[in-house]
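Trainee: I am new to this structure and would be grateful for a close look at a single part of it, the place where its ligands are held. Please set that part in its surroundings as well.

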Amino acid sequence: MKKEKWRNDAEYMCYVGDLLEKDEVQKLANFTQHHYSTRLEHSISVSYNSYKLAKKLHLNARATARAGLLHDLFYYDWRVTKFDRGTHAWVHPRIALRNAEKLTPLTPREKDIIIKHMWGATICPPKYPEGYIVTLVDKYAATDEYGRHLGQQIMSLIKKRFAQEKA
Ligand SMILES: [Fe+2]
Ligand SMILES: [Fe+2]
């Protein structure tokens, strides 16, 4: 995320500062989310961008920031680990919610934001407007993070191609 603006946003830090200090949240830095971003970077990006949108729309910015940060609180590599009881899209919001409940008391709105954030890949839509913000920002972040990777791949292909021509 650009220059980590969120660190200097006092209101945002007031909502999530305590969560960010927890080992369970910091551990997300050990997992790659979308190629070149860690799960922690992804979670902060979704949380902060969702929080800003919620504020603009006069919605519950606190619930949005907190649930956005905790929406992917799981500790496995989704490319490798497979589940018998459902797809990753269905399972990981439930695992994230269970892990988040161990960290902090959650409001019904925060729980719904976490559990429904895969709407689109799953059929159950969010109950609250803040849930729509997080699910859409999450999808945009995934595309943006993957897009950066794709951009680098394309650049490297072009460089290789022109290096061959020069040789
Ligand atoms: Fe997710
Ligand atoms: Fe996510």
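Mentor: Of the 167 residues in the protein, 43% are buried (under 20% relative accessible area; exposed is over 50%, partly exposed in between, with a 1.4 Å probe and protein chains only). The model is predicted: local features need pLDDT of at least 70, side-chain atom pairs count only at pLDDT 80 or more, totals for chains, interfaces and linings use all residues, and side-chain values rest on heavy atoms, without hydrogens and water. Residues are numbered from 1 along each chain as its sequence is written, while chains are lettered from A and ligands numbered from 1 in the order in which they are written.

The protein has seven helices and zero strands (DSSP runs of H or I with at least four residues for helices, of E with at least two for strands, numbered from the N terminus). Along the sequence, the pattern therefore reads α-α-α-α-α-α-α.

Which residues hold the iron ion (ligand 2)? Its protein donors are H42 and H71, each through NE2, together with D72 and D138, each through OD. These atoms lie 2.1 to 2.3 Å from the ion. (Donors are N, O and S atoms within 2.8 Å of the metal, or 3.2 Å for Na, K and Ca; water is not among the atoms, so sites may look incomplete.) Along the chain, the donors of the iron ion (ligand 2) show the spacing H-x28-H-D-x65-D. D72 and D138 link distant parts of the chain, being 66 residues apart. D72 sits in the loop between helix 4 (61-70) and helix 5 (88-103), whereas D138 belongs to helix 7 (residues 129-166). Both of these aspartates are buried.

The iron ion (ligand 1) is held by D72 through OD and by H92 and H117 through NE2, at 2.1 Å. The spacing of its donors along the chain is D-x19-H-x24-H. H92 lies in helix 5 and H117 in the loop between helix 6 and helix 7, so this pair ties together parts that are 25 residues apart in sequence. H92 and H117 are both buried.

What joins the iron ion (ligand 1) to the iron ion (ligand 2)? D72 bridges them, and the two ions lie 3.5 Å apart.

A search of the whole structure finds eight salt bridges (a side-chain nitrogen of Lys or Arg within 4 Å of a carboxyl oxygen of Asp or Glu). One of them joins E110 to R62, with the closest N and O atoms 3.9 Å apart. This pair also links distant parts of the chain: E110 is in helix 6 (residues 108-115) and R62 in helix 4, 48 residues apart. E110 counts as buried because its relative accessibility is 1%, whereas R62 counts as partly exposed because its value is 40%. R66 joins R62 and E110 in a network of salt bridges.

Two further bridges can be found by their residue numbers. R79 and D77 meet through their side chains at 3.4 Å, N to O. R79 is partly exposed because its relative accessible area is 35%, and D77 is partly exposed because its own is 32%. E4 pairs with R7, where the closest N and O atoms are 2.6 Å apart. With a relative accessibility of 34%, E4 counts as partly exposed.

Most residues other than glycine have a negative phi. H58, although not a glycine, has a positive phi near 55 degrees. H58 is placed in the loop between helix 3 (39-56) and helix 4. Is H58 buried or exposed? H58 is exposed because its relative accessible area is 71%.
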